[in-house]
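Hi everyone, thanks for making the time this morning. I'd like to walk you through a few spots in one model, so let's bring it up on the screen.

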Amino acid sequence: MNNSVNMRELALEALLEIGREGRQCHTVIRQVLEKYQYLPRQDRAFFKRLCEGTLERRITLDYIIDCFSKVKTRRMKPVLREILRMAVYQMKYMDGVPDSAAVNEAVKLARKKGFHGLTGFVNGVLRAVLREGGQISWPEEDAVRSLSVRYSMPEYLVEKWLGQLNAGELPAPEGEASGTCTQRTVQEGAYALTERVCQGLLAEAPLTVRVRQTDNTVPETLESLRSQGVTAEPAPYLDYAFYLSGYGRLDELKAFQEGRIQVQDVSSMLAVEAAGIRPGDFVLDLCAAPGGKSLLAADKAGKEGRVAARDLTLHKVEMLRENIARSGLGNITAEQADAAKPDPSMKERADVVLADLPCSGYGVIGRKADIKYRASRESEEELVRLQRRILAQAALYVKPGGILLYSTCTICREENQENVKWFRENFPFRPDDLRPFLCEELCGGTAAEGYLQLLPGLHQCDGFFLARLKKEG
């Protein structure tokens, strides 16, 4: 490891910044990696893993520490608490780190940060974890508490999912027939479903890319990636989606620089597939940044079609323009607009409106662990109000007979199924069968009824909800 830069200290400062300022973890981590991009890949990977993992496993780590410390984590100084969390994470979840190194470096960090008198405390707690950590008694008497501690998921979300996840709504997980999946998961019950979601959100999330279809082919793109030593493995459900590994920096890949690939999760691609965009269509994407769906929509609409990609802030619009320029597509424009405010110029002009709206993001907790610690009923209620304001405007922009594709990256009935119910009760739209647009594996559950909830742990993608709604007339 690099002698001039202490990667554990960098991780400590990043975690303290995330906790102190409430900044998004992926933003803080990215900024540190950009600042220290000259460091060896191994060092940067260690920093990233330590930051993300310590944050992701926080509830479990605190439970373990509390089993061996007289002073509970909630009463500790933030610096000491993070030092202990980082050390226990290394001991429990990073096989390549010697336990002695995790303990010794934690003691050194405590001393360096001014806690000279507490180095014995830090050493004692960590040595106790090493001696007796395999004998930890996990809470079993309460289902919510048990799942929360085992999978580092706030009790609020565990309780929500135990009450809301419905096996009968789900398509089959990978490799199973839809009918047998539904029957089996009903028998498993809400606890097993919730546990599988929690497990899925802790699984490593691969980098998924979409291969551009316009003026490009999958074989030539894969050859470009192979020439730079990158491994591309097929992702599920779509023949143009791939998992990448073996690369250093994405922006150094020719396929990325030339716009042949776009980072995008399979679930996001499925939402565009479900919209059924045809060559020549005019597509309006209301909340488009960073542009994955808009660019795929432009691929689908062809050179005779057009896509208007909108977002609220200039920063997001500039992000859109950067990705559009890299893609080389000429049938898409980026525009700054507030989706919650009416735009009379767009009334009944769009063949397809994509409404992938701001949401609680519970389906992408596996990529952005800090989301789960901000979860609350109050924030969900505020989001539902915003979503409905935007949906009310979106309804006006769809041509008669056109499609509104509503989607979120969350697992929350209030933001998903209940919003669709509200929308249908207030606007002249009917649900439209998803099955013609999806692969057979995803056509169970409620696909025939026009909506679909994908869940990590059951499907090989982010948690995602999508609903296809057709305007009458």
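Let's begin with D265: setting aside its neighbours within four places in sequence, D265 is in contact with T208, R367, C461 and D462. Before I go on, please keep in mind that this is a predicted model.

One of the contacts I listed has a polar side to it: the side chains of D265 and R367 are joined by a polar contact of 2.9 Å.

Now step along into α13. How many of the residues of α13 are buried? The count is 10 of its 10 residues, so to speak a mostly covered helix. Buried residues in α13 include S267, S268 and E273, along with V266, M269 and L270. Just after α13 comes G276, which takes a positive phi of about 65°.

Let's turn to helix packing. Two packed helices are described by the angle between their axes and the distance between the axes.

The crossing of α6 and α7 is right-handed. On the α6 side, D99, V103, N104, A106, V107, A110 and R111 make the contact, and they meet T119, V122, N123, L126, R127 and L130 in α7. Sorted by class, the contact of α6 with α7 has seven nonpolar, three polar and three charged residues.

The other pair is α8, residues 143–151, with α9, residues 155–164. Here the axes come within 9 Å and cross at roughly 125°. That makes α8 oblique to α9. The crossing of α8 and α9 is right-handed. Which residues make the contact? From α8 we have V144, R145, L147 and S148, and from α9 we have E155, V158, E159 and L162. By class, the contact of α8 with α9 has four nonpolar, one polar and three charged residues.

That's my tour, and I'm happy to go back to any of these spots on the screen.

Definitions and conventions:
Residues are numbered from 1 along each chain as its sequence is written. This is a predicted model: local features need pLDDT of at least 70, side-chain atom pairs count only at pLDDT 80 or more; totals for chains, interfaces and linings use all residues. Side-chain values use heavy atoms; hydrogens and water are left out. A crossing is left-handed if the near helix is turned anticlockwise from the far one by less than a right angle, and right-handed if clockwise. Helices (H or I, at least four residues) and strands (E, at least two) are DSSP runs, numbered from the N terminus. Contact means heavy atoms within 4.5 Å. Ala, Val, Leu, Ile, Met, Phe, Trp, Tyr, Cys and Pro count as nonpolar, Asp, Glu, Lys and Arg as charged, and the others, Gly among them, as polar. Axes are lines fitted to C-alpha atoms, for helices over the stretch in contact, and angles run from 0 to 180 degrees between N-to-C directions. Angles under 35 degrees count as roughly parallel, over 145 as roughly antiparallel, 65 to 115 as roughly perpendicular and the rest as oblique. A polar contact is a pair of N or O atoms within 3.5 Å; within protein, one must be able to donate a hydrogen and the other to accept it, and residues adjacent in sequence count only if both atoms are side-chain atoms. Buried means under 20% relative accessible area, exposed over 50%, partly exposed in between (1.4 Å probe, protein chains only).
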